[in-house]
Amino acid sequence: MSFRNEPSLELRRAPVRESLTAALRELDARLPLEVSILIGGERGAASGLESTDPGAPERLVANAGSAGADEAAAAVAAAERGFREWSARSASERAEVLRGAAARLRERRLELAALQVRECAKPWAEADGDVCEAIDFLEYYAAEAVELDRGRELLQVPGERNTMRYSPRGVAAVIAPWNFPLAIPCGMTAAALAAGNAAVLKPAEQSPASAGMLVEALHGAGVPPDALALLPGYGEAGAALVRDPRVHVIAFTGSGAVGLEIVRAAAETPEGQHHVKRVVSEMGGKNCVIVDSDADLDDVVPELVHSAFGFAGQKCSAAARTLVHEAVADKLLERLSGAVRVLEVGQAESFSTEVPPVIDREAQERVLRYRELGADHLAASAERVPDQGWFVPPTVVYGLAEDSPVNREEVFGPLLSVTSVRDVDEAMDVVDSLPLALTGGLFSRSPATVERVAARTPVGNLYVNRGITGAMVGRQPFGGNRRSGVGSKAGGPDYLLQFVEPRIVTENTMRHGIPVE
Amino acid sequence: MDADLQSVGRSIHAAFPTRTRNPLRALDQKAMELASQDQELRAALFRFVDVTPACRSLDDLARHLTDYLEEVDERPPPIEAAMRMSGTRAGRAALGAAAAAGVRHMAHRFIVGESPREAIKPIRHLWEHGAAVSLDLLGEATVTAAEADRYAERCMDALETLAAAAPAWPARPVLESDSLGALPRVNLSVKVSALSPLLRPEAPEVGREDAARRMRPLLVRAGELGAHLHIDMESVDTLEATMGLVFELLDETELRDGPSAGVVMQAYLRESPAQLEQVIDWARTTRRTTPLVVRLVKGAYWDHEVVDARQHGWTPPVFEEKRDSDRNFEALTRTLLEAWPHVRPAIASHNLRSVAHAIAVNRELGRQDGDLELQVLRGLGDDLAAALAAQGMRVRIYCPVGDMVAGMAYLVRRLLENTSNESFLGEQQRGVSIDELLAAP
């Protein structure tokens, strides 16, 4: 396979930064955008849902339609037709269409990044990374689908021919989050389409415009109108899709509460539904970074700060806890606190911003609530925070009790809890006691310790001596274990298996006692 | 010119001190040779040196060492012996002590002292033997404002300490004047990245302003003390901030008359020819009274630049073929020498060919030898420095100061350089002929 990751923009070059600033100016002149409900190529309403800038809530980024149960039903009906058309195409034809969509995203990458800056307050570097990841998903799954289409080798004995092939399942419902407003909906949709399924995409209510541009690129590249629908809106459309007996696969990324509800609802097999639904559910994390006494703190501090506070901690992979060996705990806390105090909190459009606002008022209130729970253990907090926008000061708390909600629950914001431990084994006990197991980190320069932690950790992605965010397609297939996910790995070699069903054909090749092959 | 280059090169080569006089140095060399022959062993050695300051006990040291050596497939007999020692607590203590002593010994080769005060004696010794120095303060990475303040304080202290000691040094006309005038005896190199925790590649202006705030008093004080302040260049990530800072700060009205200041050009950068033009243009038009010193180096962050670019899918900003860097070094040398007297050129290289080339071009342009400065690194270019001093050239040795913890990143980088087969030093150690050493790149 000749896949390679889309190169990120070299933001350290002034002309590159200027081109992005110009793209943002152009986008601003066009706001608000319109995002219609789109079913079978028919444009529906583009009102009922407003998408605003988290850094300046009075700025309207997009007017979008608000799809409900009726639209969901219509979209699935169209998708059933679309499935027949799309699945009849060869895997390589479908792959070409996806590569064409990748090319379209590539052409618009400055605009797409600018849109994330506005719609999700995602800082430039991460917005650009998101666009690159979306392009990667399209190209990677295109290549993987062609590979998968070859089937698998089986044992063969004289007189019999065994073949194994993979067929698409049918209609896939894709329910996506806002924090990777292009990459995650793109990944789940691209996987469904690459494998030959039809898809109905329900993006998060906070980021309909990014999803709109994704769907535009896919249709523009040749995905049949019926094979892909867009349902901007609130939870109602998503809930209807999950319950619809004509839906075969549900691909979800988001909160644990919703994810587990989907797992339960999808288990129903009402009369007339001739299949068991397959659920791909990627939920949150409570990600711990273990720092051993032999770690290089020069590396630990910046990597940890970036992992915990980049994009205001709103990544499911973000660092929420640090478990540090007692021998270096004071030193780490001092340096980490100093680094957090000088973090630049500001608007996403400024290249100097490290911590942007969180996505909405609800998120701000939630994070501040957790911050209040750790108020007695405050180690450091950023000094200045803008008063306009949904800002939360990046904060480090130290020495909270193990059973504090701050240490157990997913906060999804710029709050890092540091705990001193006797040794790496105690740190691993803490990690083991948590129900979530998405990412983890280890800073150690002992090969034996690295091996010991790698062998024991339950997490889906362990990062050693580096930050714990920024998984790359094809390099770090991404997904959690335990209650963080079902074990599927986005951007990895076995992800497409969630979207297909295996079929085996065994043929007797004997004629009159003679094998004819 | 080439005939001159060849004869200059040969006479410097003939002036190299013989190695056998220093048995400890020979032992050191043996270890380096062993490491450069075996990549796995080299990796184990580096990983060990790197972790040394973070180990809490001799036992901890020995465990790390054997951990790394486990990963070496073919272990030479002395390494096997070390592995056997690690079986018992007493053995580990002995092994840990020996290994720690080894690393300390290696560090001392590259680092001139733990503090400026401690460095005074060796610096004076070098001065008496015909070599000036530029002091460099090693430190942990700057991630907080307090750390940046501390680094600035240490720089200030170094300036004061050196300035107090320097008047007592004997006169060395070659080292303290050129045909443009006097040259400061005190010379300090500073790192922009150590002066601010806010340096980020995508927002150079924030870090630049923060670093400038701490750099300004240093420049003022250096001016009062008649010292030279040299602003080091680091990786491309801080390039824009560093260049911006230099141009902006040095042009400020109150800093125009002093102190003597300098910048660095890295010849491995593809963009370095354009950059040098920019620097020369600035030097021609600035109203500063002392000419800018421009130190030309090959560049010390090659691996970082290549890996960083590869991981991001970028074209590396550096030449990937060594000979392209070497050729560019010679081209930039000429450009730089031609720009005299708007700039004072300093050629920093351990490559005999590059050094001989600079001397020959300078003479071809009809300039005095004394208007060219040659620079080397402590621990790597000592022999070359001695040979150049013996030839009556002005040579400056870049001398790092700091403790083991602070100096580790520097030490690892120098060791990498010293055990690389591609380096001039590697070639020299392998006994490559003088004809090859002086061949055009």
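This is a predicted model: local features need pLDDT of at least 70, side-chain atom pairs count only at pLDDT 80 or more; totals for chains, interfaces and linings use all residues.
## Basis of the model

Local features need pLDDT of at least 70 and side-chain atom pairs count only at pLDDT 80 or more, whereas totals for chains, interfaces and linings use all residues. Residues are numbered from 1 along each chain as its sequence is written, and chains are lettered from A and ligands numbered from 1 in the order in which they are written.

## Helices H4 and H6 of chain B

Helix H4 (residues 58-70) of chain B packs against helix H6 (residues 89-110) of chain B at about 85°, the axes being 7 Å apart. Helices here are DSSP runs (H or I, at least four residues) numbered from the N terminus. H4(B) and H6(B) are therefore roughly perpendicular (65 to 115 degrees).

Residues of H4(B) in the contact include Leu58(B), Leu61(B) and Leu65(B), and those of H6(B) include Arg89(B), Leu95(B) and Gly96(B); contact requires C-beta atoms, placed from the backbone, within 7 Å. By class, this contact has nine nonpolar, one polar and four charged residues.

## Helices H4 and H5 of chain A

In chain A, the axes of helix H4 (residues 109-120) and helix H5 (residues 124-149) come within 8 Å and cross at roughly 125°. Arg109(A), Leu112(A), Ala113(A), Gln116(A) and Val117(A) of H4(A) meet Trp124(A), Ala127(A), Asp128(A), Asp130(A) and Val131(A) of H5(A). These residues divide into six nonpolar, one polar and three charged.

## Contact between the chains

Chain B contributes 29 residues and chain A 30 residues. On the side of chain B that touches chain A, helix H3 (39-51), H4 and helix H8 (145-165) of chain B each supply at least two residues. That side has 15 nonpolar, four polar and 10 charged residues.

Definitions and conventions. Axes are lines fitted to C-alpha atoms, for helices over the stretch in contact, and angles run from 0 to 180 degrees between N-to-C directions. Angles under 35 degrees count as roughly parallel, over 145 as roughly antiparallel, 65 to 115 as roughly perpendicular and the rest as oblique. Two residues are in contact if their C-beta atoms, placed from the backbone, lie within 7 Å. Ala, Val, Leu, Ile, Met, Phe, Trp, Tyr, Cys and Pro count as nonpolar, Asp, Glu, Lys and Arg as charged, and the others, Gly among them, as polar.
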